[in-house]
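Colleague: Could you take a close look at the charged side chains in this model, covering how they pair and where they sit? Please give the cut-offs as you go.

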Amino acid sequence: MTSATLLTPATSSRPGGERPGKTTRAAERAYIRVLVVLDTAVLAVAILVGYLARFGDEEPTGSEIPYVVVAPVLLLVWLVSLKAMRCYDDQVLGYGADEYRRVSAASMRLAGGIAIAGYIADVGVSRGFLAISFAVGTIGLEVARFAARKRLHRARDRGAGWSRKVLVVGDTAHVLELVHTLRREPYAGYQVVGACIPDALLAPVPQRLGDVPVVGSFRGIPEAATAIGADTVAVTASGELTATRLRRLGWQLEGTGVDLVVAPALTDVAGPRIHTRPVAGLPLIHVEAPEFRGARKLVKGFVDRSISSIALLVLAPLLIVIALAIKIDSRGPVLFRQTRVGQGGEEFGVFKFRTMVVNADALLAELAARNETDGLMFKMRDDPRVTRVGRLLRKWSLDELPQLANVLLGQMSLVGPRPPLPSEVARYDGDVARRLLVKPGMTGLWQVSGRSDLSWEDGIRLDLYYVENWSLAADLTILWKTFGAVLNSRGAY
């Protein structure tokens, strides 16, 4: 998942990777050292596994170079390849998919280069050894990076860990919007420490925008960044900050160790849909239209139905046990079929295990005043209509397993927006109705980002972001995160 506001690097003014804040610089270097140690350990294990899997206790033959030399050379060259692909660049570390792509690209390019060089030079190093080493090493690097990133994210959520110190520059309204966006995802590593606003908005007394101190105007941005120890200047929209002034700001920051990034007004658009094209000296941002049909959609539908059919077969014993528990716990049917709205506004019956008493709908009017959400949904943490078994099923999201049948029937997808009720859809405005452009999903960004703990606005924002930027790779990521969300039980009630 990407930040709602696109941060586009305008210049990189960090000679040798230096930053002005000693604490930030030390934390950044410490994190990179941890990654180097992790990568080295993973590659050493991968090469050892490749050797043992290929040769075991046998003595290697057919190679002019002993493997006691091949192994350390391969390890060193692999680390150099990671460095050459900028896998330790702080611009990609800790957030986004670019770090993982670079790690995979570095490994695959090195594997291809060694294969070609070995064929030309006829060195005779075992191809099985290399294939196993690279397969294990590439997967291991990705897993190690993921684990390191999760630890970093937890530290950032606590207000610790390595984060960029950001000075936000722009009009008051846009500054507040960018601050809100960056704080919505603290694990992204952008910590706002101050703001600069136009001269006309400055007051003779110290000002604050929310809890962000105003530390200057557009006339002294570099000085303000230095004074508060900022290592990044994030420029958002402002009528006074013209292209000429922005270009001069980039010149002023050269050699200071402060990054300059630009946050355009374009929001909730993922990186793959954005391409920067220089035209007449202007970096025009070209945004591709979202894809709602075509070959990728056919592949998504095939994957959905294949996985759902396999899952129904594998989970059949568990489904039977749950059905028996529901029947024993309370009177009423095992399954609860509720009308929901799917793609294109078409209604269908969604299957769920029954978790409430049989007259739950009749009791809803009595509980309406106790609704704990701020939108069109009804949610309350201690809903008296939920049965004993129902609470357990909701905690672990087991009540939603029958929706695999809806996926198999083509009414739902494994990943997508939350399927809304007809009463909710009746009150949709033009923007929210875009949720109906794709099939609803069993899981999605809403489910892996907090579920019922999220506000209505944030839930809709995440659903719309998925609609605009869905991809098969993103679907796999969300499915992976769903397991963690279910185990954590956050927002499940």
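Modeller: What follows goes from the chain as a whole to the charged pairs, and then to a few sites around them.

The model is predicted, so local features are taken only at pLDDT of at least 70 and side-chain atom pairs only at pLDDT 80 or more, while totals for chains, interfaces and linings use all residues. Residues are numbered from 1 along each chain as its sequence is written, and side-chain values use heavy atoms, with hydrogens and water left out.

Of its 493 residues, 44% are buried. Here buried means under 20% relative accessible area, exposed means over 50%, and partly exposed is in between, with a 1.4 Å probe and protein chains only. Among contacts with a separation of 6 or more, 72% are between residues 24 or more positions apart, a contact being heavy atoms within 4.5 Å.

Side chains of opposite charge can pair when their charged atoms come close. The structure holds 13 salt bridges, each defined as a side-chain nitrogen of Lys or Arg within 4 Å of a carboxyl oxygen of Asp or Glu.

One of them joins aspartate 39 to arginine 145, with the closest N and O atoms 2.8 Å apart. This pair links distant parts of the chain: aspartate 39 belongs to helix α1 (residues 22-55) and arginine 145 to helix α4 (residues 127-157), 106 residues apart. Both partners are buried. The pair is also part of a network of salt bridges that links Asp39, Glu99, Arg145 and Arg149.

Glu99 leads on to helix α3. It is among the buried residues of α3, together with Tyr100, Arg102, Val103, Ala106, Ser107 and Leu110. The helix has 24 residues and reaches 34 Å from its first C-alpha to its last, close to the 34 Å expected at 1.5 Å a residue; the expected span is 1.5 Å times one less than the number of residues. Within α3 (residues 98-121), aspartate 98 and arginine 101 are 3 residues apart, about one turn of the helix. They form a salt bridge, with the closest N and O atoms 3.9 Å apart. Aspartate 98 counts as partly exposed because its relative accessibility is 26%, and arginine 101 is exposed because its value is 52%. Aspartate 122, which follows α3, has a positive phi near 55°.

A further salt bridge is formed by the side chains of aspartate 329 and arginine 388, at 3.0 Å from N to O. It too links distant parts of the chain, with aspartate 329 in helix α9 (residues 316-329) and arginine 388 in helix α11 (residues 388-395), 59 residues apart. Aspartate 329 counts as buried because its relative accessibility is 18%, whereas arginine 388 is exposed at 66%.

Lysine 297, in helix α8 (residues 295-314), is buried yet has no salt bridge. The nearest side chain of opposite charge is aspartate 475, 7.6 Å away; Lys and Arg count as positive, Asp and Glu as negative, and His and the chain ends are not counted. Leaving aside neighbours within four places in sequence, lysine 297 is in contact with Glu291, Phe292, Val438 and Trp470.

With neighbours within four places in sequence left aside, glutamine 403 is in contact with Val350, Phe351, Lys352, Met412 and Met442.

The unreviewed UniProt entry annotates residues 30-53, 65-82, 103-121, 127-148 and 306-326 as "transmembrane region". Its positions are given in the numbering used here, feature names are shortened, and annotations may be inferred rather than shown by experiment. In the model, residues 65-82 are 89% helix and 0% strand, with end C-alpha atoms 24 Å apart. For residues 306-326 the span is 95% helix and 0% strand, and the end C-alpha atoms lie 28 Å apart.

Methods: Helices (H or I, at least four residues) and strands (E, at least two) are DSSP runs, numbered from the N terminus.
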